[in-house]
Amino acid sequence: MTLNECYKKLGGSYKEVFDRLQSDDLIEKLLFKFRDDPSLSELKKGYDEKNAEQAFRAVHTLKGVAQNLGFQRLAESSAVLTEILRSGSLPHTDDLMNRILSNYKDTIDVINEYESQKN
């Protein structure tokens, strides 16, 4: 699997990410490093503890990282929750959080697949 194919599976644009980062080695390094990013666990902790401020900071960070790395679906779902939490209150349902968790899992699955199949 090439990086371009990886980005197609992620629903992102390899060209946009390459134009920004200018190096396949850097893109690959950041893809693999994303798996260690603590933003999702911090989001889950804040969300579970009903701490809107903590959840906001974490999802805002997750959104930014996802945008910079071209993880379009994860960035979009994170952006929606970011705007809700910006007001200081949690959403009334878990639908958005579940969508983020699903998008995150899909992202990690594609990164792992890329790592195991890279050319």
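View 1. The largest cavity has a volume of about 60 Å³, a volume being the space filled by probe spheres set on the points, which are joined across faces, edges and corners. Its lining (residues with an atom within 4 Å of a point) is made up of Lys 9, Leu 10, Phe 71, Gln 72, Arg 73, Leu 74, Asn 103, Asp 106, Thr 107 and Val 110. Helix 1, helix 6 and helix 7 are the elements that give two or more residues to this lining, and helix 7 provides the largest share, four residues. Helices here are DSSP runs (H or I, at least four residues), numbered from the N terminus. By type, the lining of the largest cavity divides into four nonpolar, three polar and three charged residues.

A note on reading these views: this is a predicted model, in which local features need pLDDT of at least 70, side-chain atom pairs count only at pLDDT 80 or more, and totals for chains, interfaces and linings use all residues. Residues are numbered from 1 along each chain as its sequence is written, and side-chain values use heavy atoms, with hydrogens and water left out.

**View 2. The largest nonpolar core and Phe 34.** Of the 35 residues in this core, Tyr 7, Leu 31, Phe 34, Leu 43 and Phe 71 touch the most other members. A nonpolar core is a set of buried Ala, Val, Leu, Ile, Met, Phe, Trp, Tyr and Cys residues joined through side-chain atoms within 4.5 Å. Leaving aside neighbours within four places in sequence, Phe 34 is in contact (heavy atoms within 4.5 Å) with residues including Leu 62, Val 65, Tyr 104 and Ile 111.

View 3. Phe 18 counts as partly exposed because its relative accessibility is 27%.

**View 4. Ser 78 in helix 6.** Ser 78 is found in helix 6 and, at 0% relative accessibility, counts as buried. Buried means under 20% relative accessible area, exposed over 50%, and partly exposed in between (1.4 Å probe, protein chains only).

Note on methods
On a 1 Å grid over the protein atoms alone, a cavity is a set of points where a 1.4 Å probe fits but cannot get out, and a pocket is an open set with protein on both sides within 12 Å along at least five of seven lines; lining residues have an atom within 4 Å of a point. Ala, Val, Leu, Ile, Met, Phe, Trp, Tyr, Cys and Pro count as nonpolar, Asp, Glu, Lys and Arg as charged, and the others, Gly among them, as polar.
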